[in-house]
Every structure is written in C-alpha cells, then in structure tokens.
Amino acid sequence: MACDFDISGVSMADKKEECGIFGIYGDPDAVQKTYFSLHSLQHRGQESAGIASSNGELIHCFTGMGQVSRVFRAGRGVLERLNNPTAIGHVRYSTTGSSNPTNAQPFLGEFSQGQVAVAHNGNLINAPLLRDEYEAYGHIFKTSNDTEIIVHLMAKPTHVMKPDPLGHVLNHLQGAYSVLFLFPDRIEAARDPYGIRPLCLGRTSNGVYCVASESCAFDSIDAEYIRDVEPGEIVTLDKNGVSSRFFVAPGTVTPAHCIFEHVYFSKQSSVIFGEPVHDVRVRSGRQLAIEHPVDADIVIPVPDSGTSAAIGYANQSGVPFDMGFVRSHYVGRTFLSPSQDMRDMAVKLKLTVVKSVVEGKRVIVVDDSVVRGTTTKGKINSLREAGAKEIHMRVACPPIKHPCFYGVDFPTHEELLANQKENMEEIRKFLRVDSIGYISLEGLLSCASLPKDHYCHACWSGQYKIPVSKVVNKFSMERHQMQLFDEREME
Ligand code: SF4
C-alpha cells in the first residue's frame, strides 16, 4: 500500500516542525503581508495554511491543505476576498489532530461575545481531558485538534463573566501554546507561562504592530523585531496601539523554552528567546569541535539546519569548510511506497553530493540531529558512493531518547536510534561512519545565553517540566467533520 512520505522537511531528519503564526493590526496591506510572512514561516509547517481577516465587524477565514503558495495561488481571488486591515495567519504541521482540511487553522468560532479566529502553535496536553468534560456536557466539536477546546472554554458563561475572560481561560490550559486570537476589533497574542514556543512582537516601517512565531516573518515585510511576548503575557494590538497584561505573574514560573528551536526548528536568520539562532548554532558547532575533535580534510554541513553548526566546527577546528551537499529547494510533497530504497532515493533527490568536494577526502559531516537514523544513513551512503575516504559524523544535539509532549512530532520511543542501540559504538556501526560524536547536553546549554534551567531539554534528558503522567497526549479519534461558517478548500 502506498503511503504518504513527506520529503519536504528542512533536513529530512524525521522530526516535524509544529506550526507558524503571524498577525498584523491596522494595515491596508495586512492580508498581503500575512501571506508573505507565512511564506517566511513555511519551514514550520507545510501541511496546511490559512488566513483570517477582519474589517472591524466581521471575520472571514480561508484555509486549505498544502503550502502557502498552493492554498493562496494566483487566479483564485482568495487574497482579494480576504482583503481587510487586520489579519492572522497559520501554517501547520499536525501535532495533534489528523491531517485533513477541517483541522487547518485559523480556527473560526462564534460564541455569545461574537466571532473569534484562533491560530495556535504548540500542544495542549490537557486538551483530551477538557474535551471529554465538555462533551459530557453536550458540547459538539467540529475538528479533532486541540485548539478548538480553547474556543469552548471561552464560550462557557462563567468564564465570559470574569474580569479578564481570556486570561482566565488561558489559566485552564496546560502545555505549550503561543496563540493568536483575532476578534473583529483586535488581536490578542498570548504565550504559555513556560514560554515553550517562541512568539515575538514587531513593527513595520509605517508604524504598524505585528506578531509572529519567529522574527524572520518580519524581515519579509520590512518590519523590525521589538521584543519577545513574555511567558504568561497577553499582548493586545488594537486602535490604541499595543498594550500588555499578564495572566500569570512574571517571575512565578521558571521558563522552559524549547532549545530544539535553536537546534533545528527556527530559521537561522531569526531571533528567538532573545538571541539570534545562527549565533547559538555556530557556538554549538564550536563546542562540538572542542568535545569531539578529529583529523580530517574538510567540514561539510547537512543543509540547511546543520550549516551554522558546521561553520562553528570549522572555525574552532581550523579544518576548512565546504559545501559537500547541495539541497534542492524545489522538491515538494511526494507520495512514495515506504520501502527503504524509495526513502534513500528521496534523500538523494533532496540532497545531492558534490563529488569534487568529498572524493578522496576525510570528511567531517555536521548535522543538527539524528532521530531514526535512516535518513542519516542515506546521506552517509551518498558520501561513500561519491568517494569520501573517511566519514566522521558530528551531531549538534545530544542523542534523542524521549518523546516531546509540547508540540514536536518525534517518532515513537522504539523508533529513536538512540534507544535502539546500546551505545555509541553500535550507533557508529549502524550509520557506517568512521567515528561519531554528539554534543553533550551541558555543552549545548552553554551555547545559549539564558540560564540553563530556563530551557526545556526533555527529549534528551527525560525531565519534563510540565508533568505529563496523567495526560493522554494525542487524539486518536477521527470524528465526523462538518463545515459551519468558515470557507474551506475541500479539493
Ligand atoms: Fe523542545 Fe525537546 Fe522540550 Fe519538545 S521535549 S519542547 S522538542 S526541548
């Protein structure tokens, strides 16, 4: 049976990005700017995309399956129909809820206080429990993703009556959430008290405020990064400009920023958690060279997410840097049979070896991470076929041994290479490399600027800062879906 095998991921390393969100208030080109920004955030999710916009009274929403350029392709008039001065957008990889059109975001709902559209990045670990509770009281859900529960919480009459209804609702959520709420007259941007996923505030050259998962979204629309939305903070964009309030008092929760954002998910050009991603990656490459030196002729990255670390490794070691792989940016989603041969072929399609760079050389290959190991093995095979004399694998994060409950889709425990193999020597043999070295957790944490206990590193250490023991992480149910009041692409 044919299966859906996605080869559009950034490094094909078997981990999937979560989602990207963007919002802008009061700009005549708000929808066009949202469209451009979603392009910049495309690396965070390629399964679906959507934009919701408001004219001050009514919200209109359009979502569809596939990449931004496909969902909003020219000639369909979608952006024209959405054209309003305030908008939020979303690109999605499904971490909770299946991959189908009804789970695409923004999620548009209507309750006693009017319309609201929600765009969420993260994973609500208590969503299944809340959903069970609300269904028991007769609530009807129209999607299988965790974001919808937020709207049901907002609609609860006792919540609506609170002095700060949104802050009250957010206090019911557990897990990771950077989330945008579009009301007809404003945008509210909120981040969970641990600040697990990034969210930042920017301003365009014409003085309009915007918010985004990563600052790279601002670069494409001539906006500047101002600051991060703080953990536990709600930032409001409305006719009065920007205002802020906290639903959890600052300083009462030790942050747990996902350090995998620095390792892999975020774009090199972004500033997240207050510092440039590229700089952290270069430092991790330097640290890797200190921890795992080796005699070699060249250092090559697995592009794109391994490139900054490889530069750091080369700088520290004095071994010349070169581009041994060229990445094709034009390979989209492909449907292949699940055989290893086909996977290897897909790796070659995505990453081509530059034979003249590696032939006859002792090569150090720097990658951001190794997950299952199967795609890494494919890359190593390609280097051998191209005539590399020795291959030394260096990995810019520690061995991944634990699942993520906060919005990143890793394979199961059993599928993770670091769990399958007893020790480093077994991993080395499996990958068929001459040597292997992973950066230590201490070493990685020392490359980022915040105190070490301000980061989440559970996928390496197993230390989950938000307890997950009683929570079922993923919805398994497929539910009858129905179209209500939002326009969806159903091709
Ligand atoms: Fe990030 Fe890993 Fe923590 Fe998940 S478990 S939030 S991927 S550091």
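What average pLDDT does the protein have, and what share of the residues score at least 70? After that, how do the axes of helix α10 and helix α11 cross, and which residues make the contact?

A: This is a predicted model. The protein averages a pLDDT of 89, and 88% of the residues reach a score of at least 70. Two stretches fall below 50: residues 1-13, which have 49 contacts in the model beyond near neighbours in sequence, and residues 470-491, which have 66 such contacts. Where pLDDT is low, the predicted coordinates should not be read in detail.

Some overall figures give the setting. The protein contains 18 helices and 26 strands. Of its 491 residues, 59% are buried. Among contacts between residues at least 6 apart in sequence, 71% join residues at least 24 apart.

Now to the pair of helices. Helix α10 covers residues 277-291 and helix α11 covers residues 307-317; their axes come within 6 Å and cross at roughly 45 degrees. That angle makes α10 oblique to α11. The crossing of α10 past α11 is right-handed. On the α10 side, the contact is made by His278, Arg281, Val282, Ser284, Gly285, Arg286, Leu288, Ala289 and Ile290. On the α11 side, the residues are Ser308, Ala309, Ile311, Gly312, Tyr313, Asn315, Gln316 and Ser317. By type, the residues of this contact divide into seven nonpolar, eight polar and two charged.

α11 also has buried residues: Thr307, Ser308, Ala309, Ala310, Gly312, Tyr313 and Ala314.

The peptide bond that joins Pro303 and Asp304 is cis, with omega about 0 degrees. After the helix comes Gly318, whose phi is positive, near 80 degrees. Most residues other than glycine have a negative phi, and most peptide bonds are trans.

The bond from Gln105 to Pro106 is cis, with omega near 5 degrees, and Pro106 is found in the loop between β5 (86-92) and β6. Asp222 has a positive phi near 60 degrees and is not a glycine. Asp222 is in the loop between α8 (216-219) and β12 (223-228), and counts as exposed because its relative accessibility is 53%. Arg432, also not a glycine, has a positive phi of about 55 degrees. Arg432 lies in the loop between α16 (424-431) and β24 (435-438), and its relative accessibility of 47% means that Arg432 counts as partly exposed.

In helix α5 (residues 148-155), seven of the eight residues are buried, so α5 is largely enclosed by the rest of the structure. The buried ones are Glu148, Ile149, Ile150, Val151, His152, Leu153 and Met154. These residues pack against β6 (107-111), β7 (114-124), α4 (127-136), α6 (157-160), α7 (165-170) and β8 (175-183).

Key:
Residues are numbered from 1 along each chain as its sequence is written. This is a predicted model: local features need pLDDT of at least 70, side-chain atom pairs count only at pLDDT 80 or more; totals for chains, interfaces and linings use all residues. Side-chain values use heavy atoms; hydrogens and water are left out. Axes are lines fitted to C-alpha atoms, for helices over the stretch in contact, and angles run from 0 to 180 degrees between N-to-C directions. Helices (H or I, at least four residues) and strands (E, at least two) are DSSP runs, numbered from the N terminus. Angles under 35 degrees count as roughly parallel, over 145 as roughly antiparallel, 65 to 115 as roughly perpendicular and the rest as oblique. A crossing is left-handed if the near helix is turned anticlockwise from the far one by less than a right angle, and right-handed if clockwise. Contact means heavy atoms within 4.5 Å. Ala, Val, Leu, Ile, Met, Phe, Trp, Tyr, Cys and Pro count as nonpolar, Asp, Glu, Lys and Arg as charged, and the others, Gly among them, as polar. pLDDT is the predictor's confidence in each residue, from 0 to 100. Buried means under 20% relative accessible area, exposed over 50%, partly exposed in between (1.4 Å probe, protein chains only).
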